[in-house]
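Reader: I have a sequence and a model to go through. Please take me through the helix packing and the core, one point at a time.

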Amino acid sequence: MRNIVLFGPPGAGKGTQSVLLVDHFGFVHLSTGDIFRANIKGGTELGKLAKSFLDSGQLVPDDVTIQILEDTANGHPEAKGFIFDGFPRTKAQAEALDRFLESKGQSITAMLALEVEEEELRQRLSKRAETSGRVDDADPLVIQKRIDVYNAETAPVAEHYKGQNKYQGIAGMGTIEDIFGRLSSALEGGV
Ligand code: AP5
Ligand code: MG
C-alpha cells in the first residue's frame, strides 16, 4: 500500500494529475478542496462553515479539516493506497496524518511536489476562472491570496517530509502528459 502526498501551490496541477494517477495506478484520490466544494454545493453544515474560507482563499481551520480527511479516508477501507491532494497544508495537519496512518499500521510513502513558477500559476487559474465557476478563481486578488497563504503556511510542510527523507520535487512546467510522465517515473522508480 502506497500513500502519496501530491503537493504544490494552487494551480500546480494536483487535481489534473491525480485523475491520471488514479487511472493508471489505482489510488483513491482524496482532495480536501473537492470535499469542501461538494459540501458547499450540497448546503451541508460543513459547507456553510467552509464557504467563507474557500471564497477568500484562507485555510479552513485544522480541526475541521483533519476530521473530514479522516472520516473520508475511513470511508474507503478497500483503498490500495491514497493520493492526498491539498492535504496536509499545515504542520499540524501533517502530524495528524502521520498519527492517523500509524494507527492503521501505515505511513506516507512519499511527497511528490509539483514545482511551478508563480506567473504560470496565476495564468492557469485566471484561465480556469472562465469555466470553473470557482469563486476563488474569479478574482485575481483571491488567487494571489491563495498563493501567499501557500507560501506562508503550506510550503513549510515540505520540511516535515524532507526530515523523513520522503520529499521528491517534480518539475511541474510543460505539458500535462510530460508532467504525468515524470510522476509515473517517480512512482515506478520505487517511490
Ligand atoms: P484546493 O481545492 O486544494 O485548491 P488549490 O490548492 O487552490 O489548488 P487548485 O485546485 O486550484 O489547483 P491544482 O493544483 O489542483 O491544479 P489543477 O489541476 O486544478 O483548495 C481550495 C480551498 O479549500 C483552499 O483555498 C482552502 O480554503 C480550502 N482547503 C482545501 N484543503 C485544505 C486544507 N488541507 N486545509 C485547510 N483548507 C483547505 O490545475 C489548475 C488549472 O491549470 C486547470 O485549469 C488545469 O486544467 C490547468 N493545468 C493543469 N496542468 C497544466 C499544465 N501542465 N499546463 C497548462 N495548464 C495546466
Ligand atoms: Mg485542485
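Author: One cut-off comes first: a residue is exposed when its relative accessible area is over 50%, and buried when that area is under 20%. Keep in mind that this is a predicted model.

Reader: Is Lys48 buried or exposed?

Author: Lys48 sits in helix H3, residues 45-56. The cut-off for exposed is over 50%. Lys48 has 56% relative accessibility, so Lys48 counts as exposed.

Reader: How many Å separate Lys48 and Phe36 in space, C-alpha to C-alpha?

Author: In sequence, the two residues are 12 apart. In space, C-alpha to C-alpha, Lys48 and Phe36 are separated by 9.5 Å.

Reader: At roughly what angle do the axes of H2 and H3 cross?

Author: Helix H2 covers residues 32-42. The axes of H2 and H3 come within 8 Å. Their crossing is left-handed. The angle is roughly 115°.

Reader: Which residues of H3 make the contact with H2?

Author: From H2 come Gly33, Phe36, Arg37, Asn39 and Ile40. By class, this contact has 5 nonpolar, 3 polar and 2 charged residues. The H3 side is Leu46, Gly47, Ala50, Lys51 and Leu54.

Reader: Now H4 and H5. How are H4 and H5 oriented to each other, roughly parallel or roughly antiparallel?

Author: Helix H4 is residues 62-74 and helix H5 is residues 91-102. Their axes come within 10 Å and cross at roughly 30°. Angles under 35 degrees count as roughly parallel. H4 and H5 are therefore roughly parallel.

Reader: How many nonpolar residues does the contact of H4 with H5 have?

Author: H4 passes H5 in a right-handed crossing. Asp62, Thr65, Ile66, Leu69, Glu70, Ala73 and Asn74 of H4 meet Ala92, Gln93, Ala96, Leu97 and Phe100 of H5. The contact has 3 polar and 2 charged residues, and its nonpolar count is 7.

Reader: How many charged residues are in the contact of H6 with H8?

Author: The crossing of H6 and H8 is right-handed. H6 brings Glu118, Leu121, Arg122, Leu125, Ser126 and Arg128, while H8 brings Ile143, Gln144, Arg146, Ile147 and Asn151. They divide into 4 nonpolar and 3 polar, and the charged number 4.

Reader: On to the core. Which residues have the most contacts inside the largest nonpolar core?

Author: In soluble globular proteins, nonpolar side chains tend to be buried together. Here the largest nonpolar core has 31 residues. A second, separate core of 21 residues includes Ala12, Leu121, Leu125 and Phe180. In the largest core, the residues with the most contacts are Val5, Phe7, Phe84, Leu97 and Tyr161.

Reader: Is Phe84 buried or exposed?

Author: Phe84 lies in strand S3, residues 82-85. Leaving out residues up to four places away in sequence, Phe84 touches Asn3, Ile4, Val5, Leu6, Leu30, Leu69, Leu97 and Ile108. Its relative accessibility is 0%, so Phe84 counts as buried.

Reader: How far apart in space are Phe84 and Leu6, C-alpha to C-alpha?

Author: In sequence, Phe84 and Leu6 are 78 residues apart. In space, their C-alpha distance is 5.9 Å.

Key:
Residues numbered from 1 in each chain as written. Chains lettered and ligands numbered in written order. Predicted model: local features only at pLDDT ≥ 70, side-chain atom pairs only at ≥ 80, totals over all residues. Heavy atoms only, no water. Left-handed = near helix turned anticlockwise from the far one by under 90°. Helix = DSSP H or I, 4+ residues; strand = E, 2+ residues; numbered from the N terminus. Contact = heavy atoms within 4.5 Å. Nonpolar A, V, L, I, M, F, W, Y, C, P; charged D, E, K, R; others polar. Core = buried A, V, L, I, M, F, W, Y, C linked by side-chain atoms within 4.5 Å. Buried < 20%, exposed > 50% of the residue type's maximum accessible area, 1.4 Å probe, protein only. Axes fitted to C-alpha atoms, helices over the stretch in contact; angles between N-to-C directions. Parallel < 35°, antiparallel > 145°, perpendicular 65-115°, else oblique.
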